[in-house]
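Here's a protein to get to know. Take a look at the sequence and the fold first, and then we'll walk through it.

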Amino acid sequence: MQKFLRVAALCVCFALLSGCALVSVNKEKEAAEIVAQVGSEQLTRGEVEPILTMYYQYYGIPMDDSGKASRDQLKGMLVDDYVRLKVEEALAKEKGLYEATQAEQDAARQQVTEDKLQELKLSMAEDKANDPSLDVDKKAKEQLDKYIAENESVFEAMVKDGLQQVWMDKLKADVTRDVAVTDKDVQDAYDKILAEQPSTYAAKPAQYGKDRDAGSIIVSVPSGYRRVKHILIALTDEEMQQINAQRYSQQEAQTAGDTAKAASYQESGDKLLLELLALHKDRAQEALDKVNAGGDFDALIAEYNDDPGMMDEPAKTEGYFICAASDFTKPFLDGAFTLSQPGQNTGLVASDYGYHIIKYVADVEARTVPFAEVKDTLQAQTLADAQDKLYTSVIDEKLKNTTVRKYLNRLP
């Protein structure tokens, strides 16, 4: 389940051409600008711009004319998502499912608090390693209280997101309450997957890994896969933004057919990467030394790793499932497939994300998964698919009958 990320809107100033004075924009008026009218519901710039700005920064999209096409594409996609959300919101209000009970509000606030507290605790892993006497629970609670006090509006937006999921779940349950599936539906679903998966994975080996990561039901496991774990000593978010900006400019130059300019951006990006990696080399080498000395790899992941994907199940226990064509950064794949035997680990493998220390955990057995092994999961998935299909059709019809006007030029 993907949740919208909420961040504080950035302060923006515009220079007006009638004279040399700089005039501050009225932020409240700007945030209240309508970027879409969805029936009787309005979508404001203040709702969309923080998320849009976050995407621009994450992907390193320039704010000048060179990034206009990419910005326009993102604006269209994001506003379309919000328009659909407004349609769902209107339907929830019609059915009396929108307003949260006090218990639901309390539960959403508690969940956000617990999530943030856990995030703070995880961020203290290195501090705890350097100072075993550190009371992580106490320090995390102190930082949480400070965070809430200093970022009240952001915290409340996160609670609002949690409540959004509450009414969406209630709406979907109401719309799909009469949906059911039979045993034949489940068997037919298995037979269909079994008929399609082997040829799909033969043609596109990386798809198995993607399907597995997405939680899709697998009934045909292809050959050529192995399980790996890694310790990532990551660049900071700011450093990765610098690298992303260089790689984006390189890609844009390549798309435009300017090979000389693309080569220049690649060279400057590679040089910048080396400079940034040097800032993290000592910590990475320290982790590698412990691995090579026979240290427990899982324990060292907990101590050093900056990749959150490795901290969550199933990757925490099983590792990542990869093949030579997997959609991982090339240096990571090259490093992982230099290992010839399970149990081996690489040295420091550099990528645009930082330094990786990769361990070859095991090979993945190619096999056909019996129906009985996946029946319960497939039954739940078949029901969920039927519910999704009905829910989508209901919202599609509601959207079709809703007058929508979009004003994307009011977004940056």
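What follows is a quick tour, from the overall build to the cores.

## Ground rules

This is a predicted model, where local features need pLDDT of at least 70 and side-chain atom pairs count only at pLDDT 80 or more, while totals for chains, interfaces and linings use all residues. Residues are numbered from 1 along each chain as its sequence is written, and side-chain values use heavy atoms, leaving out hydrogens and water.

## The overall build

You're looking at 16 helices and 11 strands in the protein chain; these are DSSP runs numbered from the N terminus (helices: H or I, at least four residues; strands: E, at least two). Its C-alpha atoms fill a box of roughly 70 × 65 × 55 Å along the principal axes.

Of the 412 residues, 36% are buried, meaning under 20% relative accessible area with a 1.4 Å probe, protein chains only.

## Two cores

A nonpolar core here is a set of buried Ala, Val, Leu, Ile, Met, Phe, Trp, Tyr and Cys residues joined through side-chain atoms within 4.5 Å. The largest one has 29 residues, and Val228, Ile231, Leu235, Ile322 and Ile357 touch the most other members. Elements that each supply at least two of its residues include strand 6 (226–234), helix 12 (281–292) and strand 9 (354–363). Apart from this core lies another, of 28 residues, with Leu43, Leu78, Leu91 and Leu97 among them.

Who does Ile357 touch? Leaving aside residues up to four places away in sequence, its partners include Ile231, Ala284, Leu288, Phe297 and Leu348, with contact meaning heavy atoms within 4.5 Å.

How values were computed
Buried means under 20% relative accessible area, exposed over 50%, partly exposed in between (1.4 Å probe, protein chains only).
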